[in-house]
Every structure is written in structure tokens, then in C-alpha cells.
Amino acid sequence: NAEYMGENPTVRDYITSAGRKALTHHNGFAVPPELIEKIWVGNFAGELFSNQGHLGAGVADIDDAFLHKPSMRVEGACASGGLAFASGITAIRAGMDLGLVIGAEVQTTVSARVGGDYLARAADYPRQRGIDDFTFPAIFAGRMKAYVSEHNVTMADIAYTSAKAYTNATRNPKAHMHSSPLTYDKCNNAGTFLGNEELSPWLRLSDCSQVSDGGAAIVIASEEGLAKLGLQPKDCVEVAACEYATGNLYVDGNRLKMDATAVAAKKAYAAADIGPSDLDLVEVHDCFTIAEALMLEAVGVAKYGQGGVMARDGMTTHDGPIPCNPGGGLVAGGHPVGATGIKQILQSSKQMYRIAGGYQLDKHVRYALAANMGGDDKTSVVTILKNGRD
């Protein structure tokens, strides 16, 4: 389950609250904490934003039964949550029956400019930090410039992606921007903010994800683990595949493609024995609107050069053929970095359980894909989920 709490909770609060909520199944069934064998905590920058590292040793705060349990913190920039989940799935494949995966991040303890410097640690810091005070927005502004220049796509077209995100967020009470909708015109005409004069025109405020605090957690189980809980596969969501790939942190990739994501997606499709046309839902890492466009292409949902017009053409809207980020994504739903990869899987699972409330899709979701990215496509985790009732 996921939790976004009140004013000024700490990273400890998010880990503890989300972990406790995850131990209660959506149908009210409680998972006995003593049955959990291992725990993973995804977090990117606790040492910077919260002056707190060593978060794997903090899980005993969730329940006394977790004292002395094997637990570790996993870091992979914005893919920290996805990597934590992948680590847990690897342990399930190796014979573990029950585990707990948590993601958490607090980023609002410092100014946006200082936070931009902290987040730049996910880039090649010595080489890329000087691009702009806001390093990652500048990097993705470079991708936007390259994309618009190469393809028959305009920034006005891509503004439909942010408008979709804000519309979806109004349906999700846990979305960061739930109460702050933006129309298409406001998204298209939003101001710019980068100091880099070359890149500034290529990124609007509405193209950016939110600087969010939050936590998310999920219990993972083998079929034997389900039996220990008295549950059946039909009560759960099946992980059909969970694969990840990394790029080269020290070398810029092709600005028009997300190669690491494409490799992870190819491996995931092969493991799940399905293809992009089998998907009913995608949750992609829209840290910026241009990232959504490129990720849709990388996972095969959109053709090369077409990801930027999918929202404009109604393909990825809430009632479109392949809904993308129906809970608001990162742009409007929020981006609590270490929790984001877990949040994506939870959003997809809620659609399968049909417990998503106001943002529940009308369609039946059999297969969903979640793609969680760290840095500028330098770490990418792609998970394919299958509805346990199918």
C-alpha cells in the first residue's frame, strides 16, 4: 500500500507508515510480520535531504518482529524503488517465500535550487553539474530540443501529455496535484525557468514532475508464501517479469532514444512471453513529458517519433486504447524518488484489483507494464504484471 502523510513527516515516518499499511491486504487480510523473511528499502538521497543513511536498519520501527531480519537499502537514483522491487523478486525466484519492499523519499527539506544540486548526483556530476542550476531539467530540455527538431512533433503537441497527467491527477486523491488542475492552454503556455539560455525555451514548468515526499510498500510472495497466508494466486497480482538494464553513467546516450529502457523492456517481454500489443495499461517514468514520449517508444507502445503525440491523439488518455499513468504519473501524481518505482506497481495493481476509486479504468486490465528509470536512462527497471484472476 502507499501513504502520503500530513505536514513535514520524515523519511522514517514514511518508511514506517507505508510498511505497516502494506502488511494489510486490500481485502482486510493482515500479513503476520514474523512471516516476512527479508526487507528492501529503496531510497536515493536520504543522506542529503534528511541527513540519514543506513535505512535498511530502520525497518524494526515498523514492527518488533523485524528486529534482526535481513534488510538492506537499495540505491539507483530515481530507479531505487524499482531496483528494490527487482531485488525482492530475485530473492523470490531463489526460494524466499515472503518479503517486503519499501520505497521512501523526503525532498522538501531544502530549497528547489539546493534540491536540484542534490538530485544532480544521479548524473555524471563533475561533467554535467554546470549545465544549469537545475541539471536534470536541463538534460531533458536537451532531449526535448532534439526530439522536436527531429520529428514532426511540436511542444504544443507534447503539452497534451502534461494536460493528461493533470486531468488524471484530479481523479486520484493521493496525487500531489489532485487539487491543482491545469488546462491544456495553461500547460502549453506555462513559463520557463532554466538559466541556460540555449535550453530554456525547451522546457516549461508544466513539463516537469513534482518534487514530492512520500512512501510506498508492497508485500511479495511465492506460491508457497501465499499458501502460508491462506491466499490463492487469484487473490493477487502475478509478476510475469521484472528485468533491469543500465547504461554508461559517464557517456551521453542517443537523445532520441532510451536504450537502457528498451533493453530492459525487450528482456521483460521475452520473460513474460507477451508483446506490447498485449498490454492494457502502462505506467512509465514521466519525470518530464519528453521522458514519457521516449519511454512509450522504448517499451514498444509507440512507434519511433510517435510517443510525443500519443496523448494528443487520445491513445494514452484515461479512456484511450492504452492508458498511460492514469493516476497522474510523476508529472502530476508526484515523484517521491525512492518510492516512485513501488508506486507505479501499486497503481497498476489497484487497477487489476479494481480498487483504484476515481481513477479506476473501465476496461479490464490483464497485463500492465511499469517502467521506472534512474538518471538520464542510466538505470531502468521494467516490470510486467498479470492479473491473478486471468
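Predicted model: local features only at pLDDT ≥ 70, side-chain atom pairs only at ≥ 80, totals over all residues.
Colleague: Why is the pair Lys145 and Glu198 called a salt bridge?

Modeller: The closest N and O atoms are 3.0 Å apart, and the cut-off is within 4 Å, so the pair qualifies.

Colleague: What does the pair tie together?

Modeller: Lys145 lies in helix H6 and Glu198 in the loop between helix H8 (184-188) and E5, so parts 53 residues apart in sequence are tied together.

Colleague: Why is Lys145 called partly exposed?

Modeller: Its relative accessible area is 27%. Buried would need under 20% and exposed over 50%, with partly exposed in between, so Lys145 is partly exposed.

Colleague: How do you know whether Glu292 and Lys164 are buried or exposed?

Modeller: Glu292 has 2% relative accessibility and Lys164 has 6%. Buried means under 20%, so both residues count as buried. They also form a salt bridge, with the closest N and O atoms 3.1 Å apart. This pair links helix H11, which holds Glu292, to helix H7, which holds Lys164.

Colleague: What makes Asp157 and Arg312 fall into separate accessibility classes?

Modeller: Asp157, at 12%, is under the 20% limit and therefore buried. Arg312, at 35%, lies between 20% and 50% and is therefore partly exposed.

Colleague: Which classes of residue line the second largest pocket?

Modeller: Its lining has 18 nonpolar, twelve polar and no charged residues. Leu119, Pro137 and Cys208 are among the residues nearest its centre.

Definitions and conventions:
Residues numbered from 1 in each chain as written. Heavy atoms only, no water. 1 Å grid on protein atoms, 1.4 Å probe; cavity = no way out; pocket = protein on both sides within 12 Å on 5 of 7 lines; lining within 4 Å. Nonpolar A, V, L, I, M, F, W, Y, C, P; charged D, E, K, R; others polar. Salt bridge = Lys/Arg side-chain N within 4 Å of Asp/Glu carboxyl O. Helix = DSSP H or I, 4+ residues; strand = E, 2+ residues; numbered from the N terminus. Buried < 20%, exposed > 50% of the residue type's maximum accessible area, 1.4 Å probe, protein only.
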